[in-house]
Amino acid sequence: MRKIHNAYADIAEYHCFGCSPTNPIGLKLNFWEEEEWIYAKWTPDKWYEGYLNMLHGGIQATLLDEIADWVLIVRLGTSGVTKSLNINYLKPVFVNQGEITIRAKLVIENGNSAVIYTELMDKEGIVRSHAEIEYFVFPQEVAKQKYHFPEYEAFFKGN
């Protein structure tokens with residue numbers, strides 16, 4: 001498994017809710033790559049509840065959307081924005097049962113569009129929710145000029 005460096009975190013004033021390590025209310029996700037999948041692990045707590053002891057569905061959607069965006073970074077060497085997110089909530093995710101795993105893989109890439117499959121699993125590996133997310137993909141030069149996309153190699157610093 002290869003660690004992915006969050007090169008965005010090297011940019012001053014970076015506050016992404018999903019992955020900034022300095023956002024005090026954010027999820028602070030870290031990412032790894034193994035074979036076709038991009039992974040993150042995260043431990044929910046009560047601040048992210050919907051119903052008592054259950055992870056809010058909007059937070060689940062955010063986790064799945066965030067991991068999908070990192071597929072664009074690692075697999076396509078650019079960034080993009082969410083065009084559609086079709087999520088299926090299969091089983092509750094409890095905030096008091098430990099670490100969860102979020103993973104994603106590229107399904108279809110077609111120029112300025114990409115479809116990514118994502119899963120959120122409990123500590124036993126049971127899929128609790130999954131989504132198919134379509135992104136509008138920026139050309140790399142646009143991602144660099146308008147959206148602060150770092151040099152691709154910066155995401156693998158230290159590997």
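Predicted model: local features only at pLDDT ≥ 70, side-chain atom pairs only at ≥ 80, totals over all residues.
Me: Why is C16 called partly exposed?

Reply: The relative accessible area of C16 is 24%. Buried means under 20% and exposed means over 50%; C16 is therefore partly exposed.

Me: What makes C19 count as buried?

Reply: C19 has a relative accessibility of 2%. The cut-off for buried is under 20%, and therefore C19 counts as buried.

Me: Which residues lie nearest the centre of the largest pocket?

Reply: They are Y8, Y14, C16, D69 and G80, and the lining of this pocket has 21 residues. The volume of the largest pocket is about 350 Å³. Helix α1 (57-76) and strand β4 (80-89) each supply at least two lining residues, and α1 gives the largest share, six residues. By class, the lining has 12 nonpolar, six polar and three charged residues.

Me: Why is the space lined by residues such as F94 and R128 called a cavity?

Reply: In a cavity, a 1.4 Å probe fits but cannot get out. The largest cavity, whose lining includes P92, F94, D122 and R128, has a volume of about 60 Å³. One cavity of 30 Å³ or more is counted. The lining of the largest cavity has four nonpolar, two polar and four charged residues.

Technical notes:
Residues numbered from 1 in each chain as written. Heavy atoms only, no water. 1 Å grid on protein atoms, 1.4 Å probe; cavity = no way out; pocket = protein on both sides within 12 Å on 5 of 7 lines; lining within 4 Å. Points joined across faces, edges and corners; volume = space filled by probe spheres on them. Nonpolar A, V, L, I, M, F, W, Y, C, P; charged D, E, K, R; others polar. Helix = DSSP H or I, 4+ residues; strand = E, 2+ residues; numbered from the N terminus. Buried < 20%, exposed > 50% of the residue type's maximum accessible area, 1.4 Å probe, protein only.
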